[in-house]
Amino acid sequence: MNKRKYIFLGIIVFSIAIIVFTFLGKTYALSKYGSTGSEVKEIQTKLKRWGYYDGSVDGIYGSRTVAAVKKFQKKNGLTVDGIVGPKTLTALGIKTSSSSNSGNTSSSNSSNLNLLSRLVYSEARGEPYKGQVAVAAVVLNRVANSSFPNTISGVIYQSGAFDVVSDGQINMSPDSTAIKAAQDALNGWDPTSGCIYYFNPKTATSKWIWSRPQVLTIGNHIFCK
């Protein structure tokens, strides 16, 4: 009799476990080695655009996708496991059903995105999309550089850093393109390969800026180290 009880309880526990895992699988997206589908394609597309992935956007989560995800996770301070769970999806800017407000962190991220978007719009509206992302990337590269303030607001509001701050353009509302460009930069896309300066050669008045090592030109801006 006791043996039958244990068997019955075991069946119940096993059934509950299946239900729980099925529910979690529906609530929390999880893409990993061997996964296929539209979500994998979206992940590959984002990683390819930002320079992490050099394979085909085929919706197949293979070894190249795993390697690219790990690079992205390392760059963004995430657990480096090659698995795209809720946190990595959020960092990629891919919406999931489990995405929700997360208190101060969410508020801080939203504030950073808003400020960076305004800087992009005021500095680079009318520039090619890649050029707008590049302007945002320069701000983030400065944040990571010990020679500059270590916050986005600190870099943008550093005295003399951006003319749009002193002339008030920074307070203009950004358009959807500027917001997307800022988000792409925050997600890790850096078209400048680490540049910390840029200038428009047609309007630049500083002789010093011409002495900086120039890396590339995008639209009307020269980006330099």
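A residue counts as buried when its relative accessible area is under 20%, as exposed when it is over 50%, and as partly exposed in between, using a 1.4 Å probe and protein chains only. Keep that in mind as we walk through this predicted model, where local features need pLDDT of at least 70, side-chain atom pairs count only at pLDDT 80 or more, and totals for chains, interfaces and linings use all residues. Residues are numbered from 1 along each chain as its sequence is written, and side-chain values use heavy atoms, with hydrogens and water left out.

Let's start with charges. A salt bridge here is a side-chain nitrogen of Lys or Arg within 4 Å of a carboxyl oxygen of Asp or Glu, and searching the whole structure turns up two of them. In one, the side chains of Arg49 and Asp184 meet at 3.5 Å, N to O. Arg49 sits in helix H2 (residues 38-49) and Asp184 in helix H9 (residues 176-186), so this pair ties together parts that are 135 residues apart in sequence. Helices like these (H or I, at least four residues) and strands (E, at least two) are DSSP runs, numbered from the N terminus.

Asp184 also meets the side chain of Lys180 in a salt bridge, at 3.7 Å, N to O. These two are four residues apart in H9, so about one helical turn separates them. Lys180 is partly exposed, at 41% relative accessible area. Through shared partners, the salt bridges join Arg49, Lys180 and Asp184 into one network.

Now follow H2 to another neighbour. The axes of H2 and helix H3 (residues 63-75) come within 10 Å and cross at roughly 60 degrees. Such axes are lines fitted to C-alpha atoms, for helices over the stretch in contact, and angles run from 0 to 180 degrees between N-to-C directions. Which residues meet there? On the H2 side they are Ile43, Gln44 and Leu47, and on the H3 side Thr65, Ala68, Val69 and Phe72, where contact means heavy atoms within 4.5 Å.

Last stop: His221, which has its place in strand E3 (residues 221-224). His221 is buried, with a relative accessible area of 7%. Leaving out residues up to four places away in sequence, His221 touches Glu123, Ala124, Glu127, Val135, Tyr198, Phe199, Asn200 and Leu216.
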